[in-house]
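Subject: Structure handover

Hello,

Here is the structure for you to look through. My notes follow below it.

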Amino acid sequence: MLIVPQNLLEPERIAANLVRIRDRIRTAAEQSGRSVDQITVIGASKGQPLAALAAAHAAGLTDLGESYVQDALPKMSALAALAPAAGGRIVWHFIGALQANKTRPVAENFSWVHTIDRLRIAARLSEQRPYHAPPLNVCVQVHLGGEGSKGGAAPAAVPQLLRDVAALPRLKLRGLMCLPPPEADPARQRYWLHQIKELFESVNADGAGLDTLSMGMSADLEAAVHEGATLVRIGTDLFGPRPPHAANPA
């Protein structure tokens, strides 16, 4: 395991963390017979300062995930000028709970939304996606474990929701997303994630045409790679502990 010295400057520390994360992904991918090229790291940057996001992008991270619209928009504006100089654009993912009254800025500014759990939200995103922009990539969030604090559609409701979302004109349905219950045991982590993998395979067998599994965070990264994750959302192990953040729903 790579030990990151605490006395590194912030950009150096984040760059070293990113190397460590990619090494973990590579090892898990090799163990499960997958290509590391199938897996994209999203920097889960909720509550992180602008300098941390800029450091991650300078280290080669192209995808960033935000959960609060009002926090994300200023970061997007500030980082837009940095992206060309750093060698490419930033792909912004919305990964938080989304309220109906916040869909327009998300539809106008993000490339991905991972947390579709009801048709009303998807329909508003479709209506509000600018016609000059490419279709908005979306994932349907699946609820696991019965945790009342987490959103997501019930697994039994997912096939119909997928069909409804796929019919909307300004969206591109890509896959499934989940936030499983926290587990320390890798076998338990895989138990929950395997349920999403099975659902993914089931709806694809019925013609859904999904290509994305958004699952896996700092604590269960390896389990997610073993179960087929294509997008992993990493916050703590990339940026360090998140600064205190007042309740600020999207």
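First, a term for the pocket notes. On a 1 Å grid over the protein atoms alone, a cavity is a set of points where a 1.4 Å probe fits but cannot get out, while a pocket is an open set with protein on both sides within 12 Å along at least five of seven lines. Lining residues have an atom within 4 Å of a point.

Two ground rules. This is a predicted model, in which local features need pLDDT of at least 70 and side-chain atom pairs count only at pLDDT 80 or more, while totals for chains, interfaces and linings use all residues. Residues are numbered from 1 along each chain as its sequence is written, and side-chain values use heavy atoms, with hydrogens and water left out.

**Pocket**

The largest pocket is lined by 29 residues. Nearest its centre lie K46, S67, I95, L179 and M217. Its volume is about 730 Å³. (Volume here is the space filled by probe spheres set on the grid points, which are joined across faces, edges and corners.) By class, the lining has twelve nonpolar, eleven polar and six charged residues. Ala, Val, Leu, Ile, Met, Phe, Trp, Tyr, Cys and Pro count as nonpolar; Asp, Glu, Lys and Arg as charged; the others, Gly among them, as polar.

**Whole chain**

The chain has ten helices and eight strands. These are DSSP runs, numbered from the N terminus: helices are H or I with at least four residues, strands E with at least two. Of the 250 residues, 50% are buried. Buried means under 20% relative accessible area, exposed over 50%, and partly exposed in between (1.4 Å probe, protein chains only). The accessible surface comes to about 11500 Å². Carbon and sulfur atoms hold 55% of that surface. Areas come from the Shrake-Rupley method with a 1.4 Å probe; for residues, only the protein chains shown count as cover.

Contact means heavy atoms within 4.5 Å. Among contacts with a separation of 6 or more, 63% join residues 24 or more positions apart.

Which residues of α7 are buried? In this helix (residues 158-166), they are V158, L161, L162 and V165. They sit on the same side of α7, because they cover an arc of only 105° around the axis. (The arc is that of the directions from the helix axis to the C-beta atoms.) An α-helix has 3.6 residues a turn, so residues three or four places apart point the same way. The cover over the buried residues of α7 includes β4 (112-116), α6 (119-128), β5 (136-142), β6 and α8 (186-205).

V158 belongs to α7 and has 0% relative accessibility, so it counts as buried. Beyond four places in sequence, V158 touches V140, V142, A153, L176 and L199. V158 and V142 are 16 residues apart along the chain, with their C-alpha atoms separated by 7.3 Å.

In α6, the buried residues are I121, A122, L125, S126 and Q128. Their cover includes α5 (103-109), β4, β5, α7 and β6.

**Single residues**

- G65 is in strand β2 (residues 63-66). At 0% relative accessibility, G65 is buried. Leaving aside neighbours within four places in sequence, its contacts are I42, G43, A44, S45, K46, H93 and I95. G65 and H93 are 28 residues apart in sequence, but 4.5 Å apart C-alpha to C-alpha.
- A100 sits in the loop between β3 (91-94) and α5. It is buried, at 12% relative accessible area.
- R174 is in strand β6 (residues 171-178). Buried or exposed? R174 is buried, because its relative accessible area is 16%. Outside four places in sequence, R174 touches W112, N137, V138, L210, D211 and T212.
- R26 lies in helix α1 (residues 10-31). It is partly exposed, at 38%. R26 and V225 are 199 residues apart along the chain, and their C-alpha atoms are separated by 9.3 Å.

Best wishes
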